[in-house]
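Subject: Structure handover

Hi,

Here is the structure you asked for. My notes follow below it.

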Amino acid sequence: MDITLEQPARARLITADEQELPASATLRYSSADPLAVHIDFPAEVSLDGECVTWTFARSLLAEGLRGPAGDGDVHIWPCGGARTVLEFHSPYGLALLRFDSSALRRFLMRSHAVVAVGREDVGSAVDEGLSALFGSV
């Protein structure tokens with residue numbers, strides 16, 4: 001049985017000229033993809049007017065709440081005691097968003113209640129993926 005959590009979150013988009021614009025997002029976690037978290041942004045937040053979803057490791061979010069983390073397209077670090085910055089890199093540019101750390105922690109704890117750390121059954125997810133890819137070959 002797949003369990004999906006969704007939690008609305010408010011963020012501040014930090015522009016190149018250091019302005020801060022309000023941005024809404026939805027934090028999402030699914031037991032069907034237990035190692036990942038997703039952040040969905042509505043069309044009005046993106047440059048091309050399309051909804052955008054960023055997917056990255058749940059462990060990266062946990063690390064980034066404690067200290068600087070990430071070496072790929074997603075970087076996360078604490079900003080003072082109450083805020084956390086998420087930096088997203090794409091071929092189209094860079095986005096910096098600041099979230100309340102308490103909202104991210106609450107979401108992370110809720111995801112751990114669905115699938116505890118170390119209990120992610122990666123084997124079944126791989127089996128399902130291979131089955132979908134190859135069918136009954």
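In which loop is glutamate 18 found? Glutamate 18 is in the loop between strand 1 (4–14) and strand 2 (20–30). Its phi is near 65°, a positive value in a residue other than glycine. Glutamate 18 is also exposed, with a relative accessible area of 70%. On terms: buried means under 20% relative accessible area, exposed means over 50%, and partly exposed is in between (1.4 Å probe, protein chains only).

Some ground rules. This is a predicted model, in which local features need pLDDT of at least 70 and side-chain atom pairs count only at pLDDT 80 or more, while totals for chains, interfaces and linings use all residues. Residues are numbered from 1 along each chain as its sequence is written, and side-chain values use heavy atoms, with hydrogens and water left out.

Overall layout

The protein has three helices and seven strands. Both are DSSP runs numbered from the N terminus: helices are H or I with at least four residues, strands are E with at least two. From the N terminus on, the order is β-β-β-β-α-β-β-β-α-α. Of the 137 residues, 34% count as buried. The protein exposes about 8,300 Å², and carbon and sulfur atoms supply 55% of that. These areas come from the Shrake-Rupley method with a 1.4 Å probe; for residues, only the protein chains shown count as cover. Among contacts between residues at least 6 apart in sequence, 36% join residues at least 24 apart. A contact means heavy atoms within 4.5 Å.

Strand 5 (residues 74–79) and strand 6 (residues 83–90) run antiparallel, joined by six bridges. Two strands pair if DSSP finds at least two bridges between them. Isoleucine 76 stands opposite leucine 86 in strand 6. The hairpin of strand 5 and strand 6 has three residues between the strands, and glycine 80 in that hairpin takes a positive phi near 75°.

Strand 6 also pairs with strand 7 (residues 93–100), again in the antiparallel sense, over eight bridges. Here a hairpin of two residues makes the join. Phenylalanine 88 has alanine 95 in strand 7 as its bridge partner.

Helix 1

Helix 1 (residues 58–66) has these buried residues: Arg58, Leu60, Leu61, Ala62, Gly64 and Leu65. They pack against strand 2, strand 3, strand 4 (52–57), strand 5, strand 6 and helix 2 (101–114).

Salt bridges

How many salt bridges does the structure hold? There are four. Each is a side-chain nitrogen of Lys or Arg within 4 Å of a carboxyl oxygen of Asp or Glu.

Aspartate 40 and arginine 28 meet in one of them, at 2.8 Å, N to O. This pair links distant parts of the chain: aspartate 40 sits in strand 3 (residues 36–41) and arginine 28 in strand 2, twelve residues apart. Aspartate 40 is buried, at 17% relative accessible area.

Aspartate 100 bridges to arginine 83, with the closest N and O atoms 2.7 Å apart. Aspartate 100 lies in strand 7 and arginine 83 in strand 6, so the pair ties together parts 17 residues apart in sequence. Both are partly exposed: aspartate 100 at 32%, arginine 83 at 35%.

Salt bridges that share partners join Arg12, Glu20 and Arg98 into one network. Within it, the closest N and O atoms of arginine 12 and glutamate 20 are 3.7 Å apart. Arginine 12 is partly exposed at 33% relative accessibility. Glutamate 20 is partly exposed too, at 30%.

Best wishes
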